Amino acid sequence: MARPREFEEVAVLDAAVQRFWSHGYEASSMRDLASAMGITGASLYNAFGDKRSLYRRALDRYVESTVAERVSRLEGLLPPRRAIEGFFDEVIERSLSDPQRKGCMLVNSALELAPHDPEFRDAVAEVTDRIEAFFRRCAVAGQRDGTITTAQTADDLARHLLAVLFGLRALSRVRPERALLEGLVRPAYALLDSRT
């Protein structure tokens, strides 16, 4: 009979998220991960498999607890234009309050793993599609209620907002300055307002 696990899986997975998020995939050895997670190497392998499998689980956990949670909460709570602004407000605050300058684990994955690994390229693309779809739904609803311009298509606005988000998250790692980050989103808001 197998021994019961002596750890709480969500808690140790959250510890893996923090390790990968702050150090990246390549710089996190299995020994580093086991230590950060507070479990033995054997327990890590038994529960999560190899490093690649663990990273995939950690990335999924990160996405669900940050991006997906934010989208669901804001879209259910705020009018469409304000949901977009609330999304960026939260991202900026999170970027400014992170003393480690970890950035966004999704963006980090897009830069570190996606260019060389088809599975992670697909995983990152699927999440960016979800974020773009959130921006598109907001743009369509805002165009319908008159709070967002119809001079640009909802598709183009959504893609532009996605690009601003990725740029903001990458830049916040090296220059986490409020004026800079807020200055990145102001032109995007102006584009939403444009009546030409």
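Reader: Which residues does K102 touch, not counting residues up to four places away in sequence?
Author: This is a predicted model. K102 lies in the loop between α5 (80-96) and α6 (105-112). Contact here means heavy atoms within 4.5 Å. Leaving out residues up to four places away in sequence, the partners of K102 are Q18, W21, S22, N108 and R173.

Reader: Does K102 count as buried or exposed?
Author: The cut-off for buried is under 20% relative accessible area. K102 has 9% relative accessibility, so K102 counts as buried.

Reader: What about A141: buried, partly exposed or exposed?
Author: A141 lies in helix α7 (residues 118-145). The relative accessible area of A141 is 24%, so the residue is partly exposed.

Reader: How many Å apart in space are A141 and S95, C-alpha to C-alpha?
Author: In sequence, A141 and S95 are 46 residues apart. In space, C-alpha to C-alpha, the separation of A141 and S95 is 28 Å.

Reader: How are α1 and α2 oriented to each other: parallel, perpendicular or oblique?
Author: Helix α1 covers residues 9-23 and helix α2 covers residues 30-37. Their axes come within 8 Å and cross at roughly 130°. Roughly perpendicular spans 65 to 115 degrees, and roughly antiparallel needs over 145. The two helices, α1 and α2, are therefore oblique.

Reader: Is the crossing of α1 and α2 left-handed or right-handed?
Author: The axes in question cross at roughly 130°. The crossing of α1 and α2 is right-handed.

Reader: Which class has seven residues in the contact of α1 with α2?
Author: From α1 come V12, A15, A16, R19 and F20. They meet D32, L33, A36 and M37 in α2. By class, this contact has two charged residues and no polar ones; the class with seven is nonpolar.

Reader: What pattern does the protein follow along the sequence?
Author: The secondary structure comes to nine helices. Read along the sequence, the pattern is α-α-α-α-α-α-α-α-α.

Reader: What share of the residues in the protein is buried?
Author: The protein has 196 residues. Its accessible surface comes to about 10,000 Å², with 53% belonging to carbon and sulfur atoms. Of the residues, the buried share is 45%.

Reader: Among contacts between residues at least 6 apart in sequence, what percentage joins residues at least 24 apart?
Author: The C-alpha atoms fill a box of roughly 65 × 35 × 30 Å, taken along the principal axes. Among contacts between residues at least 6 apart, the share joining residues at least 24 apart is 69%.

Technical notes
Residues are numbered from 1 along each chain as its sequence is written. This is a predicted model: local features need pLDDT of at least 70, side-chain atom pairs count only at pLDDT 80 or more; totals for chains, interfaces and linings use all residues. Side-chain values use heavy atoms; hydrogens and water are left out. Axes are lines fitted to C-alpha atoms, for helices over the stretch in contact, and angles run from 0 to 180 degrees between N-to-C directions. Helices (H or I, at least four residues) and strands (E, at least two) are DSSP runs, numbered from the N terminus. Angles under 35 degrees count as roughly parallel, over 145 as roughly antiparallel, 65 to 115 as roughly perpendicular and the rest as oblique. A crossing is left-handed if the near helix is turned anticlockwise from the far one by less than a right angle, and right-handed if clockwise. Ala, Val, Leu, Ile, Met, Phe, Trp, Tyr, Cys and Pro count as nonpolar, Asp, Glu, Lys and Arg as charged, and the others, Gly among them, as polar. Buried means under 20% relative accessible area, exposed over 50%, partly exposed in between (1.4 Å probe, protein chains only). Accessible areas come from the Shrake-Rupley method with a 1.4 Å probe; for residues, only the protein chains shown count as cover.
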